[in-house]
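Please keep the sequence and the model in view while reading.

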Amino acid sequence: MSEVKTRFAPSPTGYMHIGNLRTALYAYLTAKSMDGKFILRIEDTDQDRKVDGAIQVIYDTLAIAGLHNDEGPDCGGPAAPYVQSERLPIYREYAQKLVEQGDAYYCFCTKERLAELHEAQQAPDFKGRHGYDGHCRDLPKEEVDALLAAGTPYVIRQKAPQAGTTAYRDVVFGEVSVNNSELQDIVLIKADGFPTYNFAHVVDDHLMGVTHVTRGSEYVAQTPSYILIYRAFGWEHPTYIHLPLIMGKDAEGNVAKLSKRHGSVSFQDMIADGYLPEAIINYIALLGWNPKTDEEMFTLAELEKRFTPDAINKSPAIFDYEKLLWFNGQYIRKLSPEAFLEKALPFIREAVKNEAYDAGKIAALLQQRLEKMTQIPAQLTFFDAMPEFEDELYVNKKSKSTLETAPAALAKGIEVLEGVEDWTNEKLYYALKEAADELGFKANAVMWAVRIAVTGTMVTPGGATDILEILGKEESLTRMKKAAARFAA
RNA sequence: GGCCUCAUCGUCUAGCGGUUAGGACACGGCCCUUUCAAGGCCGCGGCGCGGGUUCGAUUCCCGCUGAGGUCACCA
């Protein structure tokens, strides 16, 4: 058997839908699991949907995700070109061949006629078959030639058999069989001369040696039409691996195929929102596949070793941001302090403009309590400016801090801290602990009061002395004195 | 509407005739603790319904219900 080859064939829409990325991942893993090659092909046959720079988005996404392709427009390969708009003559030639064989035909129906047809079929009382009515299916040859000679616009349609059944075996869905009477005479070549996806992908998959087609299950029902094309050419069709759909929920909680409306999900947006590529990959890998063990943390490299297409599930999975968030937190914690700082720095500087405050120390506090990068700025607002706050913040039952203990704790705290030379977390902690002992307070009571005094914030990343250290002696004491003065007044 | 597919905790899932139905997220509680997290422990929570087959069905078969997909000169 020849070498396994899978492909990812996105159309350049300008953004990468997360469902698409999952398809890319599975196609990639399918190839890797069988020691095969993974190729990238750009399906840009829709002239109306052309978007500048869209191909770059695809390259960037694969690069960020770590899905390296062995062949493609970026790196070439034996079946180049890998961009469909550059292969027009090829599709033309093969379509022509089908027409000659009698497996396809010219159709001169206008879009208006088709639209009327479609409308009539939408009527509530419509009974018969939906889809194209075969109007041009059996046009006499002379008439076709005359129309062609007159320059009448046309498309080329597949001439699908009207009886019998077409079946294939899907790796995940098993036997799939449809009555040919359900099949449409799908358009192969559009009026503008471009092929449809339906035709182009079949020709390309064959010519490029693709052995396994991994794609979303929305194609399950249409695959028999494609198989008929393979047969018409006398080609062997590839193995099909149809993936369960990823579903999303809309504002009302309705479930549907993941889309902008249902769930919303561009890979770039998620990265911008502070999700780590590794976390996204890990999470989506588990949407429809599992290793049959309780493990669930997987790097791409591990997935390459563990993945097997036959363990893919059939049922659709709802995309759950909560769980993705959890994965993201896990991956954030796994980062080295340096790597974390690098990623977190822009977000830290967004809130903390004062560069006297050590970003590295701030990052260290953040790393253990973050789920995504964009949560950073909101947690750091107190560094640059003390917020307005009520004295009630000093009251905390668990820490035994009250409006009576707080002023005393602050006064004593200032006194002790004035004497601290070595302004480090550890020294500060013992100094304040000592202050608490002298006051006969629980250490927590002092810590609480000090933390509130220098941050004015109920919840902060890091404890009192963590923050004192970053703030520095001067700023810390200034803030504490100001806070203490409020009680005196 | 026709055709097709799917169906285990709220969510992602393990299970492939006999299990106290397992894990993870979320949720609740406890521990730890310098606030909050993180971490540890415990808990809550599920086989859609009805028929069969079988000594025995979550598991096999049929029907129902529910959900989704698809019926474009989009992919």
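In which loop is K400 found? K400 is found in the loop between helix 15 (381–384) and helix 16; helices (H or I, at least four residues) and strands (E, at least two) are DSSP runs, numbered from the N terminus. This is a predicted model, in which local features need pLDDT of at least 70 and side-chain atom pairs count only at pLDDT 80 or more, while totals for chains, interfaces and linings use all residues. Residues are numbered from 1 along each chain as its sequence is written, chains are lettered from A and ligands numbered from 1 in the order in which they are written, and side-chain values use heavy atoms, with hydrogens and water left out.

K400 is not a glycine, yet its phi is positive, about 60°. With a relative accessible area of 53%, K400 is exposed; the classes are buried under 20% relative accessible area, exposed over 50% and partly exposed in between, for a 1.4 Å probe and protein chains only. K292, likewise not a glycine, has a positive phi of about 70°. This residue K292 lies in the loop between helix 9 (277–285) and helix 10 (300–306), and K292 counts as exposed because its relative accessibility is 63%. A further backbone feature is the cis peptide bond between A80 and P81, with omega about 0°; P81 is found in the loop between helix 2 and helix 3 (88–101).

Helix 7 (residues 223–233) is mostly covered, with nine of its 11 residues buried. Among the buried residues of helix 7 are Y226, I227, L228 and I229. G234, with a positive phi near 80°, follows helix 7.

Two packed helices are described by the angle between their axes and the distance between the axes. Helix 16 (residues 405–418) and helix 18 (residues 443–455) pack at about 80°, with axes 9 Å apart; axes are lines fitted to C-alpha atoms, for helices over the stretch in contact, and angles run from 0 to 180 degrees between N-to-C directions. Helix 16 and helix 18 are therefore roughly perpendicular to each other, a class that covers 65 to 115 degrees, whereas angles under 35 count as roughly parallel, over 145 as roughly antiparallel and the rest as oblique. A406, A409 and L410 in helix 16 meet V446, A449, V450 and A453 in helix 18. The residues of this contact comprise seven nonpolar, no polar and no charged; Ala, Val, Leu, Ile, Met, Phe, Trp, Tyr, Cys and Pro count as nonpolar, Asp, Glu, Lys and Arg as charged, and the others, Gly among them, as polar.

The surface near RNA strand B comes next. RNA strand B is surrounded by 63 residues, the closest being K190, E296, R369, A464 and T465; a residue is near a strand if one of its heavy atoms lies within 4 Å of it. By class, this surface has 24 nonpolar, 19 polar and 20 charged residues. Helix 11 (residues 321–334) supplies the largest share, five residues. Of the atoms of RNA strand B within 4 Å of the protein, 73% belong to sugar or phosphate and the rest to bases. A polar side-chain atom of K257 lies 2.9 Å from a phosphate oxygen of RNA strand B, and one of K323 lies 2.9 Å from a sugar or linking oxygen of RNA strand B.

Key: A polar contact is a pair of N or O atoms within 3.5 Å; within protein, one must be able to donate a hydrogen and the other to accept it, and residues adjacent in sequence count only if both atoms are side-chain atoms. Contact means heavy atoms within 4.5 Å.
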